[in-house]
Amino acid sequence: MIAISSTANPRVKYVRSLHRQNVRKREGCFIAEGARLVTDALAAHATVREAFYTEEFAASPLGRPLIPRLQQATDACFAVSPPVMEAMADTVTPQGVLIVAEMPAWPMPKTPKRIGLLLDEWRDPGNLGTALRTAEAAGADWVVLTPGTVDPFSPKVVRAGMGAHFRLPVFLDPDSGEIHRVLRSTPVYLADARADLPYDAVDWTRPAVLMVGGEAHGAPSERHFPTKLTPIAIPMMGKTESLNAAVAAAVILMEAMRQRRHGGG
């Protein structure tokens, strides 16, 4: 097979266009880059529209078993030159494989069986990706993102999510009526460094929603949400006022998982 060697190739230009949020939203697909993410996509039976790889990657220990699987997943599987891969990829030194995958079509969020995560106006892609990765690891039922939050399918968020996008239902600004119904029927705990109630005093074995505000705006106000928010805090011994939002979410999510694993506090 002759590798695609021109960045003017229509397929290459299409992949490059997916770096823009409006195009991703219109097309309903996104880029997943690197052997780990591609492997996760295949394991989750994601719909792969197109796949691209360099001949160097195909000959590598990672590539030899992976490329035949990609060729089975999609007929649109193409070898490209290293400069073309660099033009399509978001990383400075791409690994040599990427796919265009369809965004999963998850059903609307329901009352969580374990815990739902609501992230309010998160602007940092790395933080959001880390939170998605942690939420999936902790067994969260879903993640809802409010308006003003960074696109969860941007390349940086997808990389930081480490495959969570293929396994965890993620919703950016879903139908507000359905979300409000869920929030009214489920206890909602708000991470707030000023709160009196410690996070580990909550009974996380019961279904709940954890809300964490973005660092730029802090804790969201109750007036934005049609439900009572119970503030909880992570006690700290040092003089630091608060934790990074992704770290705070991780601490609380892992405590909730610990309680569920052991049947309570």
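**The largest cavity**

Mentor: A cavity here is a set of points, on a 1 Å grid over the protein atoms alone, where a 1.4 Å probe fits but cannot get out; lining residues have an atom within 4 Å of a point. Two elements each give two or more residues to this lining: strand E1 (29-33) and helix H8 (155-161). Helices (H or I, at least four residues) and strands (E, at least two) are DSSP runs, numbered from the N terminus.

This is a predicted model: local features need pLDDT of at least 70, side-chain atom pairs count only at pLDDT 80 or more, and totals for chains, interfaces and linings use all residues. Residues are numbered from 1 along each chain as its sequence is written, and side-chain values use heavy atoms, with hydrogens and water left out.

Now the volume. The largest cavity has about 40 Å³. A volume is the space filled by probe spheres set on the points, with grid points joined across faces, edges and corners. A search of the whole structure finds one cavity of 30 Å³ or more.

The lining has four nonpolar, one polar and three charged residues. Ala, Val, Leu, Ile, Met, Phe, Trp, Tyr, Cys and Pro count as nonpolar; Asp, Glu, Lys and Arg count as charged; the others, Gly among them, are polar.

Finally, the domains. Domain 1 (10-102) and domain 2 (115-263) each give at least three residues to the lining. Those bounds come from an automatic or database domain assignment.

Conventions. On a 1 Å grid over the protein atoms alone, a cavity is a set of points where a 1.4 Å probe fits but cannot get out, and a pocket is an open set with protein on both sides within 12 Å along at least five of seven lines; lining residues have an atom within 4 Å of a point.
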